[in-house]
Amino acid sequence: MPFILSAIPLAAFAVTAVWLLPGWATVLIQVALGKGLVVLGLVALLRCGLLSFGHGLFYATGAYTVALVGGTTGITDALVLTLCGAVSAGLIAAGVGPLLVRYRGIFFAMLSLALSMIAHSLLMQTPEIGGSDGLSANAVTYFGLAKDRASIYELPSIVTVVVAATLAFAIAYLFRSRFGLTSRASGENELRLEYLGVSAKRVIYRNLIASGALGGAGGALVAATIGHVSPDYAYWTTSGEFIFIAIVGGTSSVGAIFLASVLLELARSVAMQAAPHTWQMTLGIFLFLTIVFAPNGLGDAVRRLARNLRAPRRIGQTDGNEYGRST
Amino acid sequence: MDVCLGILIDGLIHGSRLFLAAVGFTLTFGVLKIVNVAHGSFFALGAYFAATVVTGVLPEAYRGGALSLVAIAGAALAAAVLLGPLVERGVFQWFYKGNELNTLLVTYAIFMILEDLIKLVWGATPLYVTEPYEIFGTVHVFGLGYVGYDFFMVALAVGVGLAVWFALNRTNAGKITLAVIHNAEISRCMGVKVGAVFAAAFTVSLFLAFLGGAFTAPMISVGAGLGADVILLSFAVVIIGGLGSIEGAAIGALLVGIATAAAVNVAPQLQLFCVYAVMTLVLIVRPSGLMAAASARQI
């Protein structure tokens, strides 16, 4: 497993970077890594051919778990809270799964959108958990130290990087495993998969639970970083941002997703300072250009460019990667 | 009893507004087979056009009269005829061959661009076009008072629905469009200019969006989040009714309208929850919507 060996230098690089970068940059990377985990869950579903417009549901579940569990019970350790967030979101995914797996395409997207909007309106209308103002999620400790003390030793960012990296490598391993290949097959042609004796619905259900758990873990990490949760976490435009990152990152590389997430957060902080009123337009233009020029994500586009530069195509020669669509 | 009647009439009025918003959306999906997320911002654009025409272009004296309605409709028609072929031939036609998810994302990108464009052109503060709202005065139905304009909207929705049905089922151009809806490739083999049909259908859908937005503008405050609200509700209406079906859009709009009216009268905070609960229930019973056409599964 050569790619797992790359974990060690990568982890070392990440930890050093976290120590060297200024405060605002580490917070940005923490948020980007947390959101990257949510997008990883989204990509797990994209590989099955399903676009989920309602991933904000799992994101908000993880975030609110941190706020509620940290605020009411005595449990405040960041790792335990992240686990709680992942488990609660995974349970919600397991609960709505039997309904969702029956639908494909636009119906899956709309049903997931509906579920996240139902969650959004429930969160907005419940003043006991903050209503439209949201809750504070400040009661998070890192190995016993409160957040402001732990920040001196860069513990929050190290914990975030380690958790994100561990989950990322686990998911990358999962994508390359038999289960991951079956999921891809389910996305390509479900009927043929069924004829091979594999239950596509069960594959999708398991992917949904994994994606829910990832969404919850990501939401928990972001909530612990920002210190505040609000119903906006479940709004459909938040899910739209996750979709944006997924499209830019592409479904073939786990690393590209985190890179795309960091790029988006960087672009957001630059745009908020330079041109705050055209942020959505910038996102829209960038999404449009990505779909036109790099529909499989930036990583795949770079790979194709490198291949074309190395060996320019002759007329009529395909790169073997383009399957014609049957009518 | 009064409450029930109020809910039914409110539902009818709200449903007619939803139908006007959703009929263009379902038409785009039926003919072009694309999910046009930008439909919401086109609706909002129609509302903003109406606001500009009535408050900016029309002289003060005519604003409360029938001419304002004619001016609004005319502006919607002109804008649709200008923009429709441009958007369809310029942007959408390059994405028909690809993945249907890609076209959804392209329209989502256009939606995001238009939302900010609207904010750039008209500003973020809400506009009000209340003068046409008083044209029809107040009407009393079974003792309950309503604004006459609301029933004008109901009449308009019924008229638009009948017109679209008539155009599709009783005219030659409509029957050619139906053929393209069923199978674009065979229609092309039979000599139909499918590109022209697509452009025309999208122009009609755009006109319906602009019309819906323009005539809804006097009833609401025309502000920044209008496009997003409209597209969310249009999704629910069209999914309930079945994608691509005009009758389905009418039934879906009525159902969602009554559900919203019931929620508003009984438990106002559960408005959106009710809409999506209805949609989820319908999808459980009829996975493709109430009036979706039967389609073969690809192997």
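Tutor: What follows starts with one residue and its partners, then moves on to the contact between the chains.

The model is predicted, and chain A has an average pLDDT of 86, with 92% of its residues scoring at least 70. Confidence in chain A is lowest in helix 1 (residues 2–5), where the mean is 59, and highest in helix 11 (residues 200–226), at 95. Where pLDDT is low, the predicted coordinates should not be read in detail.

Over all chains, the structure holds eight salt bridges. Side chains of opposite charge can pair when their charged atoms come close. Take A:Glu265, which forms a salt bridge with A:Lys35; their closest N and O atoms are 3.4 Å apart. A:Glu265 lies in helix 13 (residues 254–274) of chain A and A:Lys35 in helix 3 (residues 23–46) of chain A, so this pair ties together parts that are 230 residues apart in sequence. Are these two residues buried or exposed? The cut-off for buried is under 20% relative accessible area. A:Glu265 has 8%, so it counts as buried, and A:Lys35, at 10%, is buried because it too is under that cut-off.

A:Glu265 also meets A:Arg268 in a salt bridge, at 3.1 Å from N to O.

Chain B has a salt bridge between the side chains of B:Lys119 and B:Asp116, at 3.8 Å from N to O. Both residues lie in helix 4 (residues 100–122) of chain B, three residues apart, or about one turn of the helix. Their surroundings can be compared through accessibility. B:Lys119 is partly exposed, at 33% relative accessibility, whereas B:Asp116 is buried, at 2%.

Now to the contact between the chains. How many salt bridges does the rule find across the interface of chain B and chain A? The number is zero. Between the chains there are six residue pairs in polar contact, both residues being at pLDDT 80 or more. Helix 4, helix 9 (226–241) and helix 11 (271–285) of chain B each supply at least two residues of the side that touches chain A. Helix 4 of chain B gives the most to that side, with 15 residues. By class, the side of chain B that touches chain A has 29 nonpolar, five polar and seven charged residues.

The contact takes 41 residues from chain B and 44 residues from chain A. The two chains bury about 3900 Å² between them, and 77% of this is on carbon and sulfur atoms. B:Leu105, B:Tyr108 and B:Met112 supply 15% of the area that chain B buries against chain A, more than any other three residues.

To sum up, A:Glu265 has salt bridges with A:Lys35 and A:Arg268, while the interface of chain B and chain A has zero salt bridges and six residue pairs in polar contact.

Definitions and conventions. Residues numbered from 1 in each chain as written. Chains lettered and ligands numbered in written order. Heavy atoms only, no water. Salt bridge = Lys/Arg side-chain N within 4 Å of Asp/Glu carboxyl O. Helix = DSSP H or I, 4+ residues; strand = E, 2+ residues; numbered from the N terminus. Buried < 20%, exposed > 50% of the residue type's maximum accessible area, 1.4 Å probe, protein only. pLDDT = per-residue confidence, 0-100. Contact = heavy atoms within 4.5 Å. Buried area = accessible area lost by both parts, 1.4 Å probe. Polar contact = N/O pair within 3.5 Å; in protein donor to acceptor, adjacent residues only side chain to side chain. Nonpolar A, V, L, I, M, F, W, Y, C, P; charged D, E, K, R; others polar.
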